[in-house]
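Please read them alongside the sequence and the coordinates.

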Amino acid sequence: MSYTAANLRKGLKIELEGIPYEVTEFEFCKPGKGQAMYKCRIKNMLSGATMEKTFRAVDKIDQPNIESKTMAFSYKEGDKYVFMDNKTYEQVELHEGVLGDQRFFLLEDLECEVLFFNHRAMSVALPAFVIKEIKETEPGARGNTATNVLKPAKIDTGYEVGVPIFINQGDFIRIDTRTGKYVERVKQG
Amino acid sequence: MRTPADSDALRALRRVLELRAKLNEAIRRFFRERGFLEVDTPVVLPANAPEANIDAVPAGAGWMRTSPELAMKRLLAAGCDKIFQLGPVARAGEHGRWHHPEFSLLEWYRADAGYLEILADTKALLAFLARELRGTTDFTWQGKPVSFAQELWEKAAVSQAFIQHAGWDPALTFAPDRFDLDLVTRVEPALPADRPVVLIDYPAPLAALARRKPDDPLRAERWELYLGGIELANAYSELTDAAEQRARFEQANAAREKRGETPYPLDETFLAALAQMPPSGGIALGVDRLLMILADADSLDGVLPFRNG
C-alpha cells in the first residue's frame, strides 16, 4: 500500500526506508512555474527524532503497517514496562526510553493503546488524563484558592508536578499525560 | 467570508480592506504617472499559455485565465507600447500558506525594452509602494527588518545560486525534478530575508515565454523576485519568435501529458500576432503576497478575507 504526496497532511503516518514516521508539520509550496511540493517535518516514531523532508507531487510514499491494540499496564521490570492484553494474556514490553515521561503516569491496569509497527510493539498512547495521589508536598495553605501560584509536588513515581498552594499530601489530582501538567483536584479516596 | 466576531475582528477586517484599496490605488497611480495605460482583458479564455505545472480552472467552454499575458501581448503587437493590468487570475489546486487558487496579479509590459528595464521599474515600484503604505522603505515584517530601498537589492545568477547552495549548474545539465526540489529546499531558504533578491538568467528549458540570451543560448532572459524565500514576481525579455513559442507550448503540453494532465489548446490568434510584437519586457507580480508583506501578515490568511479553508 502506498500514498501519493497529495495524501500528506498533519498526523499522517508514513514509512521511509523501513522506518515509520508521523507528519508533524506540513506546507504546500510551489515555485510559480515549477511543480507542487509538500514541505514536511516528520517524526521518527521509533526514536522520536524529527527531520525536514520535502515530497514532490509525483512521489509515492509507503504506508507503514501500524496496528493498535488496547492493553493494560501490568508491571515494571528494571527499565522495561510490561503491558498485557487482558483477553489473550499476550504480553509486550516497552523500554523506558520509548515511554519518556509517559512512564510516570502509568497505573496498574491502566488501559492504553499500544501501537505495533510490523507486529512489534513500538509505542503507547495513554489516556489523556490520569489521576494520581500526591505523595509529597509542603502543607497546603487553607483558604488559598489561587490556581496561578504553583508549588512543587511529587507523585508515587517520583515525578514532580507544579500544583496550586491549596493541594495537600494525600490529595488526588488529575494530570494531563500529553503535557505532564496539573489539571484539577479530584475528590476521591 | 468570516463574520467578524467582535469589534477587534471588524477593525482588522477594515484595516485589510483599506490597505488593499490603498495598494491598488498606489499601483495605478505609479503606472499612470509613468505613462502606462491600464487595460482590462478577458477573464474567461478559450486558451491559456500551456505550462507544464500550471493547471487552469475550467469555465464555460474555456478556462479562467491563469495570467493575462497572451491578451496583453496581442495589445503590444497592436501598438500599445506601455500597458499594465491589475486583476484576478485562477490556478487550480494551489492552496497553502503562500498560495490561493484565485489571486490578484499585476502585469506590465514595455515595448522596445527588456527584462532589465522591467527590473528598474520593479525597484522603483516597490520603494514607492512601501513609502505609500508604510511611510518608509524600511519597515518590519513579522518582527524582522525589511528594506525596499532600491540600492539594497541583490541580484544573483541562477547558475551561481545553484552552484553555491546546491552544488550544480542547472544551465549545463538540466534536470527538472532536481531543479524544483533544490530550489525549494536549498536555494530559496538561503536567500536573504531583509531585502529583495533577484534570481536572474534561468536555464533555457525554463524559459517559458522568455527569449534566450543572445550571447548565451543555455540561459534565458528571465528573472524572479524573492523576499525571504517567497517568490513575488517573474519577469522576461519576451520571446517574439512564433515558431519557437509554438514549439515550447508543445513541449509544455508533452510534459503535461507525462504528468497525466490534459494538454491545452494553443491560442492561434496570439501565435499569429506574435510576429507583429516588438521586442518587449514584461512581468507578473503577485499582489496578495506583496500586500501580505506590507500589511505585516504572516500568511495569505491575513489579507484574504474571503479565503476558504
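1. In this predicted model, strand β10 (residues 111–117) of chain A runs antiparallel to β11(A), and five bridges join the two. Within this pairing, E113(A) stands opposite A125(A) of β11(A).

2. The β10–β11 pair belongs to an open sheet of five strands in chain A, ordered β9-β8-β7-β10-β11, with antiparallel pairing. The edges are taken by β9 (91–95) and β11 (120–125) of chain A; each has a single partner strand, so one side of each is left without a neighbour in the sheet. On average, neighbouring strands of this sheet are turned by 45° against each other, direction ignored.

3. The contact between the chains draws on 14 residues from chain A and 18 residues from chain B. On the chain A side, β3 (19–29), β4 (37–44) and β5 (50–56) each supply at least two residues. β3(A) gives the most, with three residues. By class, this side of chain A has five nonpolar, four polar and five charged residues.

4. In chain B, E69(B) lies in helix α2 (residues 69–77). Is E69(B) buried or exposed? E69(B) counts as buried because 25 other C-beta atoms lie within 10 Å, and the cut-off for a buried residue is 20 or more.

5. Leaving out residues up to four places away in sequence, E69(B) touches A49(B), E107(B) and L209(B). E69(B) and L209(B) are 140 residues apart in sequence, yet their C-alpha atoms are 9.5 Å apart in space.

How values were computed. Residues numbered from 1 in each chain as written. Chains lettered and ligands numbered in written order. Predicted model: local features only at pLDDT ≥ 70, side-chain atom pairs only at ≥ 80, totals over all residues. Helix = DSSP H or I, 4+ residues; strand = E, 2+ residues; numbered from the N terminus. Buried ≥ 20, exposed ≤ 12 C-beta atoms within 10 Å, placed from the backbone. Contact = placed C-beta atoms within 7 Å. Nonpolar A, V, L, I, M, F, W, Y, C, P; charged D, E, K, R; others polar. Pairing = 2+ DSSP bridges. Axes fitted to C-alpha atoms, helices over the stretch in contact; angles between N-to-C directions.
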